[in-house]
Amino acid sequence: MSDENGNPIALDPNLNADTLLHRFFPDDNKRCENLYHYHTRTYVNDFLSTPPNKDDAPKISIQEVKNAFLDMSPFSSPGPDGIFAALIQWNIDILSLPLVSLFQSCLDISYFPKSWKEGTLLTIPKVDYPDKTSHKSQRPITLLSVLGKGLEKILLERFLFHEQSSSLWFHEAQQGFRKHSSTDKALLALKIQLEKDRVVGEATALLKLDIQSAFDLAWHPAILRNLIKKGLPSIYVHLIASYLADRSIQISFGGGHAKKSLTLSTPQGAVLSPFLWNIFLDPILHKLQSSHPELRISAWANDVILAFNYRFTNPQIAKNTCLLAS
């Protein structure tokens, strides 16, 4: 491992593992916050200080539990508890009722068990990354408890129902992690629009934004604030606050071991992470659109493309551009 300046870290396996964790998962630095951060924290804390209404959420059903676990890949890598989804799937008729009781208790008291928030980090090497000593040459994946994933799946389906049954939750430009969406569909729509622009003699400028370490840097108060603003029932907001709090991650890397608490992030590998990332990003897309109505925005997870049209004042340049495009 090397530091941010490319200098090698001392050959201490535990130090290397600890450095890798802190590179992937920086801490929430309150000393760098501004007035927006203060108001957001205050708004969320005031909301969470009021007990939720249990009647806002229907009781968890046996069918929801069965659907959640039967939808899982049976032999995906387990979390720290070592339980494979297959073990629950093979005994789903016996376990579904106790799991209903367990999950309902979590919902009633707005508590996501701490053991379900303890992750094991795996890193997958990026073959084409030039500097193999940099943490950026590794892709982080978090392994989590299958029981926690079961509750996450139930919550996700309920959140998606709220999204579809109320006013539009997400900006129409957000294609990532949405039903009936795909990268192919998003790229095809962009290609068709570019061709239409060329036909009417307009050029298009594209600006691509790639938000680095997006999931690992997601700020929890902003996620909760946006959920509140979207009108998610308070009992779910309280449970997501518990879900995001007191998370931890551990890693065994290069013969060393390290563990740290997480004050930012929605872990890659968690069922709810893509949905919560979309919630986190959504106000930015709306702000861009309202500030610049002429922009065409296309977003896929942490990749955002901004496009705008313009006409050439020189007819010869326009003609040459059309010839090149064709």
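Helices (H or I, at least four residues) and strands (E, at least two) are DSSP runs, numbered from the N terminus. By that count the protein chain has 11 helices and 7 strands. This is a predicted model: local features need pLDDT of at least 70, side-chain atom pairs count only at pLDDT 80 or more, and totals for chains, interfaces and linings use all residues. Residues are numbered from 1 along each chain as its sequence is written, and side-chain values use heavy atoms, with hydrogens and water left out.

**Exercise 1. Describe how α2 and α8 cross.**

Step 1. Find the helices: α2 covers residues 35-48 and α8 covers residues 220-229.

Step 2. Take the axes, which are lines fitted to C-alpha atoms over the stretch in contact, with angles from 0 to 180 degrees between N-to-C directions. The two axes come within 9 Å and cross at roughly 60°. That makes α2 oblique to α8. (Under 35 degrees is roughly parallel, over 145 roughly antiparallel, 65 to 115 roughly perpendicular, and the rest oblique.)

Step 3. List the contact residues (contact means heavy atoms within 4.5 Å). Helix α2 gives Y36, T40, R41, Y43, V44 and F47. Helix α8 gives P221, A222, L224, R225, I228 and K229.

Step 4. Sort them. The contact of α2 with α8 has 8 nonpolar, 1 polar and 3 charged residues. (Nonpolar: Ala, Val, Leu, Ile, Met, Phe, Trp, Tyr, Cys and Pro; charged: Asp, Glu, Lys and Arg; polar: the others, Gly among them.)

**Exercise 2. Examine the phi of S110 and of S265.**

Step 1. Recall the background: most residues other than glycine have a negative phi.

Step 2. S110 has a positive phi near 55°. S110 sits in the loop between α5 (92-108) and β1 (118-125). At 13% relative accessibility, S110 is buried.

Step 3. S265 has a positive phi of about 95°. Its loop runs between β5 (256-262) and α10 (273-291). S265 is buried too, at 0% relative accessible area.

Methods:
Buried means under 20% relative accessible area, exposed over 50%, partly exposed in between (1.4 Å probe, protein chains only).
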